[in-house]
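Please look over the fold shown here and its local features. A short report goes with it.

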Amino acid sequence: MIKASSSRRNFIATSAIAAGGLFVHPSLAHIIQRNEKIKIVLVGTGIRGNDFWGKRLMDEYGDIIEFVGLCDINEGRLAFGKEYIGTDCKTFLDFDEMMANTKPDLLIVTTVDSTHDEFIIKGLDLNIAVFSEKPMTTDEKKCQNILDAERRSEKEIIIGFNYRYNPHYTKLKELLSTNRVGKITSVDFHWYLNVYHGASYFRRWHGYKDKGGSLLVHKATHHFDLLNWWLDSDPVEVKAYGELEHYGKNNSFRGDNCRSCEHKDSCKFYWDITTSSFLTKLYTDNEKYDGYVRDSCVWREDIDIYDKMSAQIKYANGVMVNYSLTTYSPYEGMRIAFNGFDGRIDAWDGIPWRSDEKRIQSSLHEQEMSQNDEEQDFEEIFVADNFGEYEQVKVLRERAGHGGGDKRLQDKIFVDPKAADPLKHSAGSRDGAMSILIGIAARKSIEENRVVRIEELTDLKPSATRS
Ligand SMILES: NC(=O)c1ccc[n+]([C@@H]2O[C@H](COP(=O)([O-])OP(=O)(O)OC[C@H]3O[C@@H](n4cnc5c(N)ncnc54)[C@H](O)[C@@H]3O)[C@@H](O)[C@H]2O)c1
């Protein structure tokens, strides 16, 4: 189904060319101007690649983009991806072969986190614009290599920070940008993954530091990017604590995976992947090619990431942040408070405090990952002035597509690149780096029991004001 219109094509062409120095748009704009489609290759035909960066792009922007190559190391998932996305492009098991045999304008990277650097760097060295899913990468050496590659390339990288585009978080940015409660001095930020979504990270590659960099990188890159963006400053120092004391080896029984497990009836974390035909076709039908088991046991003894984490972060503008991440909460949500000289902004999401509001915790993450729009209710933001009044700020809640962030991010890239960006939603390599560097510093701080300075990690120098 093609929804984008030719007027959109014209709009993009004129606005993107006028935009001059924006991310991939100058190069893409000329293609659009020539009335050609933007040629895209994608590496990593897993759930994020196939669904959000594959099928959704075809459905929403099919008149201005075309896939010219798909790559994955799993031939079954690759074949399924081609069919699911609805493209007739070539497929490749080898990335270099794909790049040699296609002439893409844009490379989209949606592989396992620890492999992003290889594809980003190769793409940039071929002077191809690159979009990478978060986290940009998983350690400081790979991060430096990516920064170096971008410096020598004619093209740039954009990072998928969809959370910035969520209207709730955008409203917070607006309030902070207008100094609503004066100079911000400290922040309390706590994120809760429920027992369904939280557990999902322990079922597969995310459970290993060498694949996802731990949840301080894989998941918290979203949260740290939001902090950097909200505070408009760079982090300088991190001290963190983390333990694995619930999942992994911390249970008396375990199995290979949920399907074959003899503890199905007694394990609260039993998850039947076969109830989803999509996940069955994507993962279980293709285990035979690479041994990637999507419903592995959350009690595997070799899981080495933390399941509870906390970090203190000091910013170049003097702000102190207390952050924590929990992975076995009864509900999914977050709380944040910005303390300013003139008052305090509190915001929260997902805390089931209204007696008339019932949420099905087991399907919340599925809803967040889906791209079916649904608007309802209000997100909570509460502003209190010192010696003054209280104000409740209402923002419509969207659950699908990461709180509405997903579609806004893609529109920014493909529909309206010239649109004014007063709140600086667009993110590049420095944003990608600064967010993972907090997580990498936190991991290092836990492992070495010390305060880690951000400037030890790469050649980026933290700055008090990012703009
Ligand atoms: N922005 C968001 O909110 C969001 C949401 C979900 C996932 N993601 C990101 O998207 C990426 C993919 O996540 P996913 O959940 O789809 O994972 P997934 O495991 O479903 O898919 C990863 C795919 O990469 C393939 N792959 C692994 N190594 C490869 C290699 N060397 N060459 C080619 N292919 C390789 C795997 O076979 C698999 O098909 C991750 O980086 C993740 O952090 C971002």
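## Basis

This is a predicted model: local features need pLDDT of at least 70, side-chain atom pairs count only at pLDDT 80 or more, and totals for chains, interfaces and linings use all residues. Residues are numbered from 1 along each chain as its sequence is written, and side-chain values use heavy atoms, with hydrogens and water left out.

## The chain as a whole

The secondary structure comes to 18 helices and 15 strands. Helices (H or I, at least four residues) and strands (E, at least two) are DSSP runs, numbered from the N terminus. Of the 467 residues in the chain, 59% are buried. Buried means under 20% relative accessible area, exposed over 50%, and partly exposed in between (1.4 Å probe, protein chains only). Contact means heavy atoms within 4.5 Å. Among contacts with a separation of 6 or more, 75% are between residues 24 or more positions apart.

## The parallel sheet

Six strands form an open sheet with parallel pairing, in the order β3-β2-β1-β4-β5-β6. Two strands pair if DSSP finds at least two bridges between them. β3 (90-92) and β6 (157-159) stand at the edges. Each has a single partner strand, so one side of each is left without a neighbour in the sheet. The twist averages 25° from one strand to the next. Axes are lines fitted to C-alpha atoms, for helices over the stretch in contact, and angles run from 0 to 180 degrees between N-to-C directions.

Strand β2 (residues 65-71) runs parallel to β3 and is joined to it by three bridges. Cys 71 has Phe 92 of β3 as its bridge partner. Helix α3 (residues 47-61) packs on the sheet. The helix touches β1 (38-43), β2, β4 (106-109) and β5 (129-132), and its direction makes about 160° with that of β2.

## Buried residues

Val 43 lies in strand β1. Thr 45 is found in the loop between β1 and α3. Thr 221 is in helix α12 (residues 220-231). Their accessibilities are tabulated here.

| Residue | Relative accessibility |
|---|---|
| Val 43 | 2%, buried |
| Thr 45 | 0%, buried |
| Thr 221 | 1%, buried |

The contacts below leave out residues up to four places away in sequence. Val 43 touches residues including Cys 71, Phe 95, Met 98, Ile 108 and Phe 119. Thr 110 is also among the contacts of Val 43. Val 43 and Thr 110 are 67 residues apart in sequence, yet 6.0 Å apart in space, C-alpha to C-alpha.

## The antiparallel strands

Strand β8 (residues 235-243) and β9 run antiparallel, joined by eight bridges. Gly 242 has Met 309 in β9 as its bridge partner. Seven bridges join β9 to strand β10 (residues 320-329), also antiparallel. Lys 308 stands opposite Thr 326 in β10. Four residues lie between the strands in the hairpin of β9 and β10, where Gly 318 takes a positive phi near 95°.

In a regular strand the side chains alternate between the two faces of the sheet. Strand β9 (residues 308-315) has a covered face of Met 309, Ala 311, Ile 313 and Tyr 315. Its uncovered face holds Lys 308, Ser 310, Gln 312 and Lys 314.

How many disulfides does a search of the whole structure find? The search finds zero. A disulfide is a pair of cysteine sulfur atoms within 2.5 Å. For Cys 261, the nearest cysteine sulfur is that of Cys 297, 6.0 Å away. Cys 261 is buried, with a relative accessible area of 16%. The sulfur of Cys 267 is 6.5 Å from the closest cysteine sulfur, in Cys 261, which is too far for a bond. Cys 267 counts as buried at 14% relative accessibility.
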